[in-house]
Amino acid sequence: MVKNVSLDAVDQKLALAKQYSHEGVVAGAKAAVVASVATAIPIYAFGKMSPWAKTYLNPTAKALIISTAAGMAYFVVADKTILKIARQNSFKQN
């Protein structure tokens with residue numbers, strides 16, 4: 001059995017999905033900035049103080065560590081935000 005769905009309802013759902021994904025992107029970007037700062041300070045301090053780090057961690061390696069932490073934070077927080085919003089709205093009746 002096929003349900004008749006109006007074009008307005010589809011447009012409304014699409015607009016809500018875009019809004020929710022935008023909220024996830026914003027939350028993920030904030031988390032990425034925090035993770036970058038929280039990772040950069042110890043990495044650069046460790047690079048100055050540790051003889052091993054001076055020898056084996058060049059600037060590219062340090063940047064890779066920081067960007068990996070930022071990328072992971074972005075995707076985890078964005079995904080959790082979108083899922084939280086979806087969970088909140090899953091019980092609403094249309």
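Predicted model: local features only at pLDDT ≥ 70, side-chain atom pairs only at ≥ 80, totals over all residues.
Me: What area is buried between domain 1 and domain 2, and which residues of domain 1 lose the most?
Reply: About 1300 Å² is buried between the two domains. Carbon and sulfur atoms give 79% of that area. On the domain 1 side, three residues together make up 32% of what that side buries, and they are Tyr 20, Ile 43 and Tyr 44.

Me: Where does UniProt list "transmembrane region", and what is the chain over those residues, helix or strand?
Reply: The unreviewed UniProt entry lists residues 25-47 and 59-77 under that name. In the model, the end C-alpha atoms of residues 25-47 are 32 Å apart, with 0% strand and 100% helix.

Me: What span should helix 3 have, and what is the distance between its end C-alpha atoms?
Reply: Helix 3 covers residues 59-89, which is 31 residues. At 1.5 Å a residue, the helix should span 45 Å. The distance between its end C-alpha atoms agrees with this, at 45 Å.

Me: Which residues of helix 3 are buried, and which helix do they pack against?
Reply: The buried residues in helix 3 are Lys 62, Ile 66, Ala 69, Ala 70, Ala 73, Ala 78, Thr 81 and Ile 85. A handy point for reading such a list is that an α-helix has 3.6 residues a turn, so residues three or four places apart point the same way. The partner that the buried residues of helix 3 pack against is helix 1 (7-49).

Me: Why does Thr 81 count as buried, and which residues does Thr 81 touch?
Reply: Thr 81 lies in helix 3. Its relative accessibility is 15%, and because buried means under 20%, Thr 81 counts as buried. Leaving out residues up to four places away in sequence, Thr 81 touches Glu 23, Gly 24 and Ala 27.

Me: How many aromatic pairs does a search of the whole structure find, and what form does the pair of Trp 52 and Tyr 56 take?
Reply: The search finds two aromatic pairs. For Trp 52 and Tyr 56, the centres are 5.5 Å apart and the planes are at 45°, a pair that is tilted. Both residues lie in helix 2 (residues 51-56), four residues apart, about one turn of the helix. Trp 52 is partly exposed at 48%, while Tyr 56 is exposed at 57%.

Me: What kind of pair do the rings of Tyr 74 and Phe 75 form?
Reply: Tyr 74 is partly exposed, with 24% relative accessible area, and Phe 75 is exposed, with 59%. Their ring centres are 5.1 Å apart. The planes are at 80°, so the pair is edge-to-face.

Technical notes
Residues numbered from 1 in each chain as written. Heavy atoms only, no water. UniProt positions renumbered as here; feature names shortened; annotations may be inferred. Helix = DSSP H or I, 4+ residues; strand = E, 2+ residues; numbered from the N terminus. Expected span 1.5 Å × (residues − 1). Buried < 20%, exposed > 50% of the residue type's maximum accessible area, 1.4 Å probe, protein only. Contact = heavy atoms within 4.5 Å. Phe/Tyr/Trp six-rings, centres within 6.5 Å; stacked < 30°, edge-to-face > 60°. Buried area = accessible area lost by both parts, 1.4 Å probe.
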